[in-house]
Amino acid sequence: MNASTPFATQPSLSPQQFVDKVIGHSETHSAFNNAKTCGFGEAPVNIALSKYWGKRETSLNLPINGSVSISLPGLGTQTELTLSQGEHDQIVLNDTLLEPHVTFAKRLSAFLDFFRPNEHAVFHVDTLNTVPTAAGLASSASGYAALVLALNDLFQWHLSDQKLSLLARLGSGSASRSLFPGFAVWHVGSRTDGMDSFAEAIDTQWPELCVGLLKVDVSEKAVSSTAGMQQTVNTCELYQAWPDKAAKDMELIQQAIANHDFSLLGKTAENNALSMHATMMATWPPIVYWQPESVAAMHAVWALRQQGVEVYFTMDAGPNLKLLFLETQKPAIKQAFAKMQIIQPFK
Ligand code: 2P0
């Protein structure tokens, strides 16, 4: 991060010290002794209803604002992890062995560096995504959450959800929220060691709530979320207003969830997403994830609302829309968006 931004904080721990503190020193060093032959982890993708956009510290992945999400069961990542000795990690993504120099493999190996029991230890990672990688459908969130669960299983750490969330956050911010089914809240935290910036479950069921995945384009995006948010923090004047806006929206979303107030949930989520995109567009060079079909879909949503069909959308760092509506509107929504995948997270 550009140290001149008003949001920057200095970390009081290195990422390795952070990991050692979360796991506990003795466990880190006896990790090989307790290890099983194979660890497994599985986690869902999540969609933020109130978004995370911007870091106050990049090495520990500390956010500028908190966020609230909903996980989508059945869409996510399954990861198997084994330890061996060798030259480098072997990373298999959706049945394809990746070359060690590809970005995905390098990022994963850099994260695994924090967990190697000795310098010769390498990991074999077999990971299966049921969402397209880098499609704005948050595969890094489910990916790092599943990986942390697999590490916890492999090394038999028996970490709490809070600690697992802290470790997942280090891999990818939004992964902190993917440890939980249903709704989750990621607390922004204020400590310089990052120990208070973790997610936890919001204990509510909402069986009538539907999420529709409206795919516009699932090819790899040009600007990663990590790069996009850094550029926004560093160059967007509108961003000054974002932290307060995000904090307010987070409160409203939590209130809407607690009261099952769908109108408040939908309005707040849509406005929050558009506000985040406004900050992206007002960076230099500009970042616009939308495509013409994205804008056409927004107009279709607004037209439906005019007709009395209560539906809202949210969007992440990509061109796809995620629709929010209640079960009663399912027939009207299906008619308007024929090919859309509909998920009821609590059914
Ligand atoms: C979110 N996004 O709250 C927001 C909304 C994208 C737009 O979290 O750099 O992949 O790994 O912490 O978690 C995507 O950002 O970024 C994201 P890193 P991440 O879901």
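## A partly exposed histidine

His260 counts as partly exposed because its relative accessibility is 34%; the class lies between buried, under 20% relative accessible area, and exposed, over 50% (1.4 Å probe, protein chains only). His260 is not a glycine, yet its phi is positive, at about 50°. The residue sits in the loop between α8 (242-259) and α9. Helices here are DSSP runs of H or I with at least four residues, strands are runs of E with at least two, and both are numbered from the N terminus.

## Basis of the model

This is a predicted model, in which local features need pLDDT of at least 70 and side-chain atom pairs count only at pLDDT 80 or more, while totals for chains, interfaces and linings use all residues. Residues are numbered from 1 along each chain as its sequence is written, and side-chain values use heavy atoms, with hydrogens and water left out.

## Two other loop residues

Asn94 also has a positive phi, near 50°, and is a residue other than glycine. Asn94 is placed in the loop between β5 (90-93) and β6 (96-97). With 32% relative accessibility, Asn94 counts as partly exposed.

The peptide bond from Trp284 to Pro285 is cis, with omega near -5°. Pro285 belongs to the loop between α9 (262-281) and α10 (292-306).

## Two domains

The chain is assigned domain 1 (15-201) and domain 2 (209-343), with bounds from an automatic or database domain assignment. Their centres, taken over C-alpha atoms, are 25 Å apart. The contact between them takes 27 residues from domain 1 and 42 residues from domain 2, where contact means heavy atoms within 4.5 Å.

## The ligand shell

Of the 18 residues around the ligand, Tyr52, Lys55, Ser172, Ser174 and Thr226 come nearest; a residue is near if one of its heavy atoms lies within 4 Å. Domain 1 and domain 2 each supply at least three residues of the shell. Helix α7 (residues 225-235) gives the largest share, three residues.

The ligand taken alone exposes 470 Å², and the protein buries 93% of that; accessible areas come from the Shrake-Rupley method with a 1.4 Å probe, and for residues only the protein chains shown count as cover.

## A buried serine

Ser69 lies in strand β4 (residues 67-85). Ser69 counts as buried because its relative accessibility is 0%.
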